[in-house]
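Reader: Hi! Could you walk me through the side-chain contacts in this one?
Author: Happy to, let's look at it together.

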Amino acid sequence: MGAKRRVIILGAGGRLGAALVRLYARDAEVIGFNHAQLDLAQPEQLRATLEPLPFDALINAAALTNVDYCETHRAEAMQLNAEAPRRLAEIGRRKKAQFVHISTDYVFDGEKREPYTEDDPANPISVYGESKWEGELRVLAANPQALVLRVSWVFGPDRPSFIDAILRKAREEEEVAAVADKFSTPTYTLDIAEILWPIVAGALEYSGLLHFANRDSCSWQQYAQWALDCCHEFAVPMKARVVGALSLSEMRNFIARRPVNTVLATHKYQQLSGRTPRHWHDAVAEYVREFYAGS
């Protein structure tokens with residue numbers, strides 16, 4: 001039996017990073033860094049902390065993800081989402097380690113009516129999307145062996161997301177609503193962790209851009225309605241039964257523009273792995289059953 005894989009995960013306090021740390025610790029030696037432990041805004045700290053450590057894989061799940069905050073803090077967004085990932089990619093290259101950078105569906109403008117493939121041109125319409133796209137470009141320029149994984153609408157048990165906010169409100173109020181004219185795919189952190197593991201473990205080699213999301217697509221409203229239906233099916237107490245419809249144009253509190261349709265095509269992942277992602281319905285149902293009905 002060989003030595004355990006040594007994996008470093010940045011963004012360990014986030015929704016995806018926390019899931020990766022928890023799940024990978026079963027089979028690997030994992031070190032996770034949260035924002036307080038390692039600040040992406042401090043390039044010298046990145047090098048001084050990471051360079052001395054022995055590792056086989058480095059995963060960057062850290063980012064400035066508040067879309068509206070990014071819109072009014074462009075320099076900070078570019079530092080954390082573009083320049084810091086470049087430095088991490090260089091560290092991974094120098095250490096001859098697998099480097100994985102997590103990106104987003106927001107690199108697209110949302111005008112396409114079909115799922116976006118890895119070959120479609122990026123055209124972000126927000127500072128957040130622009131900073132993440134710039135991060136992709138800098139990572140792959142600094143480390144051509146890096147993997148940039150784009151994901152969408154990430155949810156999971158380690159940190160609340162859109163769906164948790166909806167269910168929290170539905171538990172207390174009879175009327176809830178969500179945007180009905182914006183489309184993508186919910187993606188479960190546990191599924192992302194599972195598909196990434198063969199690459200992190202060195203069993204599957206892949207570099208460049210790769211899309212992963214659970215199968216099929218929905219609006220925020222459909223997403224919320226399905227989760228609410230699952231709660232009722234699994235006897236999780238909820239006051240609301242129906243999720244009302246809002247339009248993007250009604251969201252006056254949004255500062256940044258949101259792309260309307262950012263469904264990610266996963267054909268490349270399926271060809272690479274020989275597997276098909278499970279339907280988002282199944283992933284959300286499992287989440288509700290395990291972390292709401294079971295609590």
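Author: Let's start with a salt bridge: the side chains of R258 and D68 meet, N to O, at 2.6 Å. Bear in mind that this is a predicted model.

Reader: Where do R258 and D68 sit in the chain?

Author: R258 is in the loop between β12 and α9 (267–273), while D68 belongs to helix α3 (residues 67–72). The pair links distant parts of the chain, 190 residues apart.

Reader: Are R258 and D68 buried or exposed?

Author: R258 is buried, and D68 is buried as well. R258 also has an aromatic contact: its charged end sits over the ring of F254, 3.8 Å from the ring centre.

Reader: Nice. How many salt bridges are there in the whole structure?

Author: A search of the whole structure turns up 16 salt bridges. One of them joins E51 to R94, with the closest N and O atoms 2.6 Å apart. E51 is in the loop between α2 (43–50) and β3 (57–60) and R94 is in helix α4, so this pair ties together parts that are 43 residues apart in sequence.

Reader: And how accessible are E51 and R94?

Author: E51 counts as partly exposed at 22% relative accessibility, and R94 counts as partly exposed at 40%. Another bridge pairs R278 with E286, where the closest N and O atoms are 2.7 Å apart. R278 is partly exposed, with a relative accessible area of 25%, and E286 is partly exposed at 23%.

Reader: Which residues are linked in a network of salt bridges?

Author: That would be E83, R86, R87, E90, E134 and R138.

Reader: Switching to aromatics: how many aromatic pairs does the count come to?

Author: The count comes to 16 aromatic pairs. Take Y24 and W197: their ring centres are 4.9 Å apart and their planes are at 50 degrees, so the pair is tilted. Y24 lies in helix α1 (residues 15–24) and W197 in helix α7 (residues 189–200), so the pair ties together parts 173 residues apart in sequence.

Reader: What about the accessibility of Y24 and W197?

Author: Y24 is buried, with a relative accessible area of 4%, whereas W197 counts as partly exposed at 21%. For a stacked pair, look at F108 and Y116, which are 4.1 Å centre to centre with 15 degrees between the planes. F108 is buried at 0% relative accessibility, and Y116 is buried at 3%.

Reader: Which residues form one aromatic cluster?

Author: The members are W153, F155, F162, Y188, W220, Y223, F254, W280, Y287, F291 and Y292. F254 is the ring under the charged end of R258, and W220 has the charged end of K182 over its ring, 5.4 Å from the centre.

Reader: Now cysteines. How many disulfides does the count come to?

Author: Zero disulfides. For C218, the closest cysteine sulfur is in C230, and at 12 Å that is too far for a bond. For C230, the closest is in C231, at 7.2 Å, which is too far for a bond too. C218 is buried, with a relative accessible area of 1%, and C230 is buried at 1% relative accessibility.

Reader: Last topic, the backbone. What is the phi of K96, and where is it?

Author: K96 has a positive phi of about 55 degrees although it is not a glycine. K96 is placed in the loop between α4 (74–94) and β4 (98–104), and it counts as exposed at 78% relative accessibility. A235 is not a glycine either, and its positive phi is about 60 degrees. A235 lies in the loop between α8 (220–233) and β12 (243–246) and is exposed at 64% relative accessibility.

Technical notes
Residues are numbered from 1 along each chain as its sequence is written. This is a predicted model: local features need pLDDT of at least 70, side-chain atom pairs count only at pLDDT 80 or more; totals for chains, interfaces and linings use all residues. Side-chain values use heavy atoms; hydrogens and water are left out. Rings of Phe, Tyr and Trp (its six-membered ring) pair if their centres lie within 6.5 Å; planes under 30 degrees apart count as stacked, over 60 as edge-to-face and the rest as tilted. Helices (H or I, at least four residues) and strands (E, at least two) are DSSP runs, numbered from the N terminus. Buried means under 20% relative accessible area, exposed over 50%, partly exposed in between (1.4 Å probe, protein chains only). A charge sits over a ring if NZ of Lys or CZ of Arg is within 6 Å of the ring centre and within 35 degrees of the ring normal. A disulfide is a pair of cysteine sulfur atoms within 2.5 Å. A salt bridge is a side-chain nitrogen of Lys or Arg within 4 Å of a carboxyl oxygen of Asp or Glu.
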